[in-house]
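User: Hi! I am new to this structure and would like to learn how to read it. Could you walk me through some features?

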Amino acid sequence: MSALYAVRDLSVSLPGQGFLGRLLPGRLLPGAPARIDILQGITLALAAGETFALVGESGSGKTTLARAMLGLVPVSGGSLHFDGVALGSARAFAGLRRSTAMMFQDPVGSLSPRMTVGALLAEPFVIHRRPLPLPGRAGRAAQAAALLDRVGLPARLAARYPHELSGGQARRVCVARAIALDPRLVIADEPTAGLDVSVQGEILNLMTGLGTALGIGFLVITHNLAMVRHIADRIAVLYLGRLVESGPAAAVLARPAHPYTQSLIASEPQPDPRRRRADLAIRGEIPGILRRPAGCAFHGRCPRAEAICRVTEPDLRDLGAGQQAACHFAPGQ
Ligand code: SF4
């Protein structure tokens with residue numbers, strides 16, 4: 001399958017003084033490092049119609065990666081290709097953004113409270129200066145009705161305001177806005193956060209159905225592994241700005257090779273507490289990008305760490321069947 005979006009050996013680093021200056025405004029920082037690596041050596045590819053999950057704790061770099069893929073963060077190394085075209089200029093990224101839509105974590109907060117649903121569904125056309133399929137008020141109403149129908153909502157909701165919607169309805173309106181301009185790629189940040197489990201399932205089914213029917217690639221940023229199980233074709237696990245495991249989601253979640261992935265899975269809430277693997281559950285806090293440990297960055301939290309882990313950073317190795325992991329003790333092929 002050819003890649004809709006290919007990321008190769010991507011690095012993002014920021015000047016140390018500038019990065020720390022933003023964290024500690026007004027302070028002199030003579031000891032700041034010259035550069036701070038936020039992301040390093042990230043390679044992944046997303047196909048049309050595929051759902052790709054970026055997983056990791058807060059501070060793992062998944063949001064920075066998504067922002068770099070949209071050209072919102074300067075990259076310091078590697079390459080980005082969308083539909084085979086290199087993204088090396090502001091113009092190329094502007095073209096990418098015309099084919100891309102974002103879904104934000106807080107659906108009601110991301111919708112203007114002063115606009116009706118109908119106006120919100122016409123807004124992407126206004127922002128991107130695209131004509132509606134039919135002109136005038138009747139065209140706006142027809143477009144809103146068609147989009148609402150596509151996401152399983154009645155046309156009468158076009159007259160409502162965001163605060164009059166349930167959480168599930170608001171999320172469906174966000175999905176409708178995301179697909180309004182026929183995007184090739186949708187980046188969704190925690191698309192089911194704050195929803196009841198049953199409503200989460202409905203929204204995920206809607207997204208995967210639209211992805212398959214319309215050939216949209218979904219890049220989903222999340223720490224919710226239950227959602228990843230439900231929706232993702234493939235998965236990339238990030239830890240402190242490095243890819244530590246990737247591959248087909250079903251294989252990675254059934255046989256995680258990296259202790260970090262194993263810990264994330266073991267830390268998932270279980271209906272039956274006896275099934276929880278306390279020995280593997282994640283422990284401690286992610287250290288923060290400024291205190292990146294030497295060797296394997298996970299060694300301070302890893303239940304399997306040995307002496308080599310403290311000094312030698314493991315490479316990302318192929319494990320077979322498309323799965324890769326960066327651990328000295330990952331089972332090899
Ligand atoms: Fe754990 Fe060592 Fe593997 Fe890192 S390299 S994940 S510390 S066993």
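User: Where does A6 lie?

Analyst: A6 is part of strand β1, which covers residues 3-15. Bear in mind that this is a predicted model.

User: How do I tell whether A6 is buried or exposed?

Analyst: Look at the relative accessible area: buried means under 20%. A6 has a value of 8%, so this residue is buried.

User: Which residues is A6 in contact with, leaving aside its neighbours within four places in sequence?

Analyst: With those neighbours set aside, A6 touches L44, A45, S79, L80 and H81. Take L44 as an example: 38 residues separate A6 and L44 along the chain, while their C-alpha atoms are 6.0 Å apart.

User: Now the ligand, please. Which residues are around the ligand?

Analyst: The list runs H258, P259, C296, H299, C302, R304, A305, C309, P314, C327, H328 and F329. Sorted by class, this shell contains eight nonpolar residues, three polar ones and one charged one. As for the space that the ligand takes, it is the largest cavity.

User: I see cysteines in that list. How many disulfides does the structure hold?

Analyst: Here is the general idea: a disulfide is a covalent bond that joins the sulfur atoms of two cysteines. In this structure the number of disulfides is zero.

Technical notes. Residues are numbered from 1 along each chain as its sequence is written. This is a predicted model: local features need pLDDT of at least 70, side-chain atom pairs count only at pLDDT 80 or more; totals for chains, interfaces and linings use all residues. Side-chain values use heavy atoms; hydrogens and water are left out. A residue is near a molecule or strand if one of its heavy atoms lies within 4 Å of it. On a 1 Å grid over the protein atoms alone, a cavity is a set of points where a 1.4 Å probe fits but cannot get out, and a pocket is an open set with protein on both sides within 12 Å along at least five of seven lines; lining residues have an atom within 4 Å of a point. A molecule sits in a cavity or pocket if more than half of its atoms lie within 2 Å of its grid points. Ala, Val, Leu, Ile, Met, Phe, Trp, Tyr, Cys and Pro count as nonpolar, Asp, Glu, Lys and Arg as charged, and the others, Gly among them, as polar. A disulfide is a pair of cysteine sulfur atoms within 2.5 Å. Helices (H or I, at least four residues) and strands (E, at least two) are DSSP runs, numbered from the N terminus. Buried means under 20% relative accessible area, exposed over 50%, partly exposed in between (1.4 Å probe, protein chains only). Contact means heavy atoms within 4.5 Å.
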